[in-house]
Every structure is written in structure tokens, then in C-alpha cells.
Amino acid sequence: MIKRRDTYNVDVGGVVIGSSNPIRIQSMTNTPTEDVSATVDQIKSLFDAGSELVRVTVNNEKSAKNIINIRNLLIKYNYNLPIIGDFHYNAHILLSDYPEAANVLDKYRLNPGNIGTSSKYDDNFAKIIEIAIKNAKPIRIGGNWGSLSKQYLENTVIEGQKADDYEHIIKKGLIDSVLKSASYAEKLGLSSDKIILSCKVSSVPQLIDVYTEIASKCKYPLHLGLTEAGMGDEAVVSSVAALSILLNQGIGDTIRVSLTPDKMGIRTKEVEVCRNILSSLNLKQYKPKVISCPGCGRTSSNYFIDLTKDINNHINNSMIEWKSKYIGVEEINIAVMGCIVNGPGESKHANIGISLPGTNESPSAPVFVDGEKVTTLKGDSIKDEFIALIEEYIAKNYKKVS
Ligand code: SF4
């Protein structure tokens with residue numbers, strides 16, 4: 001059981017973030033917010049995929065004006081989820097000029113590096129905080145090393161400095177800038193349970209380093225994400241590595257996996273990766289887990305691969321019905337194993353498992369239920385009989401939805 005870091009609890013449009021609340025999945029649209037129907041469609045698809053909060057770009061007057069239309073359309077479609085406004089450079093102007101947007105957004109995301117030059121920073125930031133207080137909205141102070149305050153760097157980095165020192169300065173600057181902004185927000189009257197922080201960098205070791213440090217310095221909930229992770233498998237692996245290490249240490253209250261999509265408009269992959277991270281760490285189980293071995297020279301055929309696929313398909317096709325009928329069915333573990341080496345052992349650890357025969361083994365497949373061998377399957381009907389046993393197990397062991 002992972003012990004979570006003790007933080008303030010921040011309510012974002014009814015979704016509470018921090019401490020022992022579930023780790024929340026976030027995502028962000030890549031449609032122009034000026035396009036209401038495309039943005040609403042994407043928010044719906046992200047929510048349907050499992051994103052609990054969705055962030056939208058608010059970068060100009062038209063996008064700010066459209067926030068209310070986006071919210072109304074979502075209500076019409078019965079999508080009730082927190083929407084976060086992502087502001088850079090002009091938050092103080094847009095939130096002042098479009099009070100309806102300020103009122104219906106559930107959180108404002110601000111980047112301390114993009115609020116204004118040092119002479120303007122205080123006034124602009126104070127204006128935003130005043131609006132947040134008036135509307136009872138939380139903020140996320142989200143630093144990013146790509147947009148660290150230029151003044152900070154110019155004042156601190158000395159020509160000819162070693163790369164190691166430079167990285168240290170960036171890290172220090174990033175942490176300082178978000179903590180100072182949070183402290184200034186509190187001084188202006190925003191309560192501590194209205195603040196979430198993030199410090200995004202694009203290197204895995206740096207991200208772990210930065211978050212480990214900031215986690216030790218404050219009680220604000222932290223939003224985790226490896227920024228600009230890239231595209232494809234490498235980006236997924238980097239994000240999984242960074243987020244898993246931190247989450248396993250109890251650090252992180254909301255997560256986002258930022259992937260460059262294959263094509264514009266398709267964003268659900270990043271939500272899917274977040275779900276898999278939480279599920280792998282046993283922080284949340286969304287559907288039954290299938291434990292299956294990779295196969296090796298001991299497997300005599302593709303049968304165990306086909307059976308694994310069949311079981312996964314059966315789960316995917318049955319989940320909606322199972323969830324409507326049985327409480328907690330997503331927590332079942334099913335093993336499909338290729339031979340006697342690890343097959344019986346893994347099958348015994350699962351709720352229900354089958355150990356298929358490997359090369360030169362007797363052509364029979366023992367089935368284990370909660371650690372006990374209950375039957376042995378043989379012949380062409382193994383798949384159907386095993387699926388029937390899974391259905392029987394669920395009906396017997398999970399309480400019916402009343
Ligand atoms: S369980 Fe058997 S078939 Fe599967 S990987 Fe292990 S040794 Fe190979």
C-alpha cells in the first residue's frame with residue numbers, strides 16, 4: 001500500500017484533489033477553444049476515456065468568450081466535469097474582461113514565467129488572485145522549465161557557467177518561482193486549500209529530483225507530468241518511468257501524460273496511459289487484470305496467446321454489463337499461463353487462473369480458483385469452459401448491484 005503525502009485538499013469543481021483522495025487523471029484539449037463544438041467533442045471523448053478533469057486553452061478573447069458556450073453544451077449533453085482554463089501572458093485581462101468565463105471555469109492554471117515582466121508581475125498576479133477569490137476558484141501555479149522567468153535566469157546565470165550548475169539553477173529557479181507565487185497568493189488572501197502546484201521539466205531524472213524536493217517543502221497537492229515527453233513508445237515509457245517512481249513514493253495528486261498525438265484531435269491515448277500507470281501501481285483498478293506470461297521455448301503453440309487475447313476481449317466486451325451487475329468486479333485478477341514452470345504458481349495467486357500445457361507436458365490445463373485446483377480442462381472447448389468458469393466466479397463472489 002503506497003502511503004500518500006499529506007497535503008491540503010483542494011476542491012476543483014466537485015473533484016477533491018490531495019492527501020488520500022484518489023489520484024486524478026487530467027488531460028488537455030488540442031482543439032482551438034474558439035471552435036466550441038470541436039472542443040466539446042474532445043472534452044467528451046477525454047471524459048469517456050477516463051479523464052476526470054480537462055484543461056482547455058484560453059489564449060484570446062474569442063476563446064474566453066466561448067467558455068460559457070462550452071460549459072452550456074457540456075451540461076446539455078450531461079457531461080458534468082471540471083474544466084480548467086490554461087492561461088499564459090493575458091490571464092489578468094481575459095479573466096477581468098470575461099467574468100462569465102472566470103465564473104464557470106473550475107480552476108485557473110497560471111505559469112509564473114508568463115504572467116508579466118518583474119514590474120508588472122505583482123499587479124497582474126494580484127488581479128488574477130482577486131478574481132479567483134471572488135469566484136471561489138482554486139488555481140494551479142504551474143512552472144515549466146521552458147518558460148522560467150527570463151529575469152531570474154539573466155540575474156542568476158553567469159556566462160561560462162558549467163552545465164551542471166545551470167541545471168541546478170533551473171531546478172532552484174523553478175521551485176522558487178512556484179513556491180514564491182503560492183506564498184504571494186496566500187498573502188493576497190487566497191486560502192492554502194485553493195492552490196495546486198506543478199514544476200514540469202522534460203527529463204525523467206530532473207523531474208523526479210524537482211518533485212522530490214518540492215514535495216518536501218510544501219503541503220500543496222502536486223500535479224505531475226513530464227512535459228514535452230515526445231511521441232510514440234519512447235514518450236510513453238519516459239512518462240511511465242517518471243510518474244511511477246514519484247507516485248510510488250506517495251508524491252503526486254493529479255497526473256497527466258503529455259504525448260504528441262499521431263494526428264490532431266486524438267488525445268485519448270494519454271488518458272489510457274494514465275489509467276495503466278495507476279492500475280499497474282495498484283492505485284486504482286479499472287477492469288480485471290489478466291496476468292499472462294510472455295511465452296518461451298516451452299510453449300508448443302500459439303494457443304496461450306490466442307486464449308489470452310480471447311479473455312481480454314471477453315473482459316472488454318463484458319465490462320459494461322458486469323459493472324452494471326456486480327460491485328467491485330473490476331478488481332478480479334485472472335491468470336493465463338503458458339506452462340507448468342510458473343503456470344500453477346501464478347494461477348494460484350490470481351482469483352482464477354489456468355495453466356496451459358507446454359511442450360511435452362500432458363495435454364491438460366488445470367484451473368485454480370482462489371489458490372485451489374478446481375478442475376482440469378482438455379481439448380477444443382478449453383476457451384469456452386474457462387470463460388464459463390470466470391462468469392461463474394464473478395456471479396458467486398461479487399455482490400449484486402441493488
Ligand atoms: S510460464 Fe512457461 S511458457 Fe510461460 S514464460 Fe514461463 S516458462 Fe515460458
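In what order do the five strands of the open sheet run, and is the pairing mixed or of one sense? I looked this up and found the order β11-β12-β13-β14-β15, with mixed pairing; I took strands as DSSP runs of E of at least two residues, numbered from the N terminus, and counted two strands as paired if DSSP finds at least two bridges between them. I then noted the edge strands, β11 (289-292) and β15 (372-377), each of which pairs on one side only. The twist averages 20 degrees from one strand to the next, where axes are lines fitted to C-alpha atoms and angles run from 0 to 180 degrees between N-to-C directions.

On the model itself, I noted that it is predicted, that local features need pLDDT of at least 70 and side-chain atom pairs pLDDT 80 or more, whereas totals for chains, interfaces and linings use all residues. Residues are numbered from 1 along each chain as its sequence is written.

Next I looked at one pair within the sheet: β12 (residues 333-337) and β13 (residues 352-355) pair in the parallel sense over four bridges, and M337 stands opposite S355 in β13.

For the whole chain, I recorded 13 helices (DSSP runs of H or I, at least four residues) and 15 strands. Its C-alpha atoms fill a box of roughly 80 × 55 × 40 Å along the principal axes. Of the 402 residues, 39% count as buried, that is, with 20 or more other C-beta atoms, placed from the backbone, within 10 Å of their own.

Finally, I noted the division into domain 1 (10-280) and domain 2 (289-397), with bounds from an automatic or database domain assignment; their C-alpha centres lie 41 Å apart.

Terms used. Buried ≥ 20, exposed ≤ 12 C-beta atoms within 10 Å, placed from the backbone.
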